[in-house]
Amino acid sequence: MSINLYSYGVDCFIFIVSLVSLLSFRIINYWAKVIVISNLNIFVLKITFLGTGTSQGVPVVACQCTVCQSSDKYDKRLRSSILIEAGETTLVVDSGPDFRQQMLKAEVREIDAILLTHEHYDHIAGLDDIRAFNWVQQRPTDIYATARVQKSIRQIFSYVFAAKKYPGIPQMNLFEIENAPFKVKGHEVIPITVLHYRLPVTGYRIGKFAYITDMKTIKTEEKEKLKGLEVLVVNALRKEEHLSHMNLERALKLIAEVQPQKAFLTHLSHQMGLHAEVSKELPANVELAYDGLEVEVI
Ligand SMILES: [Zn+2]
Ligand SMILES: [Zn+2]
Ligand SMILES: [Zn+2]
């Protein structure tokens, strides 16, 4: 009888130890996953293409060409801009004439900063519409740009900087950038200077993602910043040569040279051709971007 009781006690002990071990394992495993996922979140960038068209957009007003008359949704392109979501941080690159429409379509509720590439109208014309974010976030919008671009912003949107301000005008905090890395809410942003004919334009690299628009040429030392990318976005206006933009051939040459895992072409003109047709002609790791395209970069 005493032996049986002893055996019963041992069985109970083994059972309790097993149960505690199993529960501990599950709890440790759960927290390990939580830690891994939350750490991964820091590095996951979600890119949304808000617009992929050149300065006039596609279709071009009054144009009767095949691309402008196409009913394919991939042939509708707003002016070039992207949304970058990095964890809790939301960045927008450029705010062209379609900014309001793009913010509504992508359901953007808050913006931590706008990074400007250059002062051409198709990249800044929508800045007045940051008023909506000023109201919702109850603060000025942070805008990063070079000194030259800031000078244009102060001229074009002079009412924003007037001594006596009209009620309800946009509020912006201008941050001057140079060709050196800076941080936005803890995320390192590396500017890449490219040339748009003779005008310096700023491209941006965050982690293994880089976005370059309105480029014709790039100096060797700047090209170095494009090494080891998972995703590269570059402009390609059309197939024929252009004074201030890369054409398709030049863009593909740059991609082949810096070898990102994947590349997307943006700032596309109606002269590039139909999305469906041009897509068939591209190398396996290159795609035409389209409005609404979402890409994740780890
Ligand atoms: Zn442009
Ligand atoms: Zn057209
Ligand atoms: Zn431009």
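What follows is a set of questions and answers on a predicted model.

Residues count from 1 along each chain as its sequence is written, while chains are lettered from A and ligands numbered from 1 in the order in which they are written. In this predicted model, local features need pLDDT of at least 70, side-chain atom pairs count only at pLDDT 80 or more, and totals for chains, interfaces and linings use all residues.

Colleague: What is the mean pLDDT of the protein chain, and over which residues is the pLDDT below 50?

Modeller: pLDDT is the predictor's confidence in each residue, from 0 to 100. Of the chain's residues, 86% reach 70 or more, and the mean is 91. Where pLDDT is low, the predicted coordinates should not be read in detail.

Colleague: Which strands stand at the edges of the open sheet of 7 strands?

Modeller: Strands are DSSP runs of E, at least two residues long, and helices are runs of H or I, at least four, both numbered from the N terminus. Two strands pair if DSSP finds at least two bridges between them. The sheet has mixed pairing and the order β6-β5-β4-β3-β2-β1-β14. Each edge strand has a single partner, so one side of each lacks a neighbour in the sheet; these strands are β6 (172–176) and β14 (294–297).

Colleague: By what angle are neighbouring strands of this sheet turned against each other on average?

Modeller: Axes are lines fitted to C-alpha atoms, for helices over the stretch in contact, and angles run from 0 to 180 degrees between N-to-C directions. For neighbouring strands here, direction is ignored. The average is 25°.

Colleague: How many bridges join β1 to β2, and how many pair β2 with β3?

Modeller: Strand β1 (residues 45–51) runs antiparallel to β2, and Leu45 has Ala86 as its bridge partner. Strand β2 (residues 81–86) is also antiparallel to β3 (residues 89–93), with Ile84 opposite Leu91. β1 and β2 share 6 bridges; β2 and β3 share 5.

Colleague: Which residue in the hairpin of β2 and β3 takes a positive phi?

Modeller: This hairpin has 2 residues between its strands. The phi in question is near 60°. The residue is Gly87.

Colleague: Which residues of helix α8 are buried, and what arc do they cover?

Modeller: A residue is buried if 20 or more other C-beta atoms lie within 10 Å of its own, exposed if 12 or fewer, and partly exposed in between, with C-beta atoms placed from the backbone. In α8 (residues 248–258), the buried residues are Leu248, Ala251, Leu254 and Ile255.

Colleague: What covers the buried residues of α8, and which exposed residues does the face turned away carry?

Modeller: The cover includes β11 (231–235), β12 (262–266) and β13 (286–288). The face turned away from the buried side carries Glu249, Lys253, Ala256 and Glu257.

Colleague: Is Thr266 buried or exposed?

Modeller: Thr266 is in strand β12. Its contacts, not counting residues up to four places away in sequence, include Phe49, Ser80 and Val233. Around Thr266, 28 other C-beta atoms lie within 10 Å, so Thr266 is buried.

Colleague: What distance separates the C-alpha atoms of Val67 and Gln271?

Modeller: Val67 is in helix α2 (residues 66–69) and is buried, with 22 other C-beta atoms within 10 Å. Beyond four places in sequence, its contacts include His270 and Gly273. Val67 and Gln271 are 204 residues apart along the chain, yet their C-alpha atoms are separated by 7.8 Å.

Note on methods
Contact = placed C-beta atoms within 7 Å.
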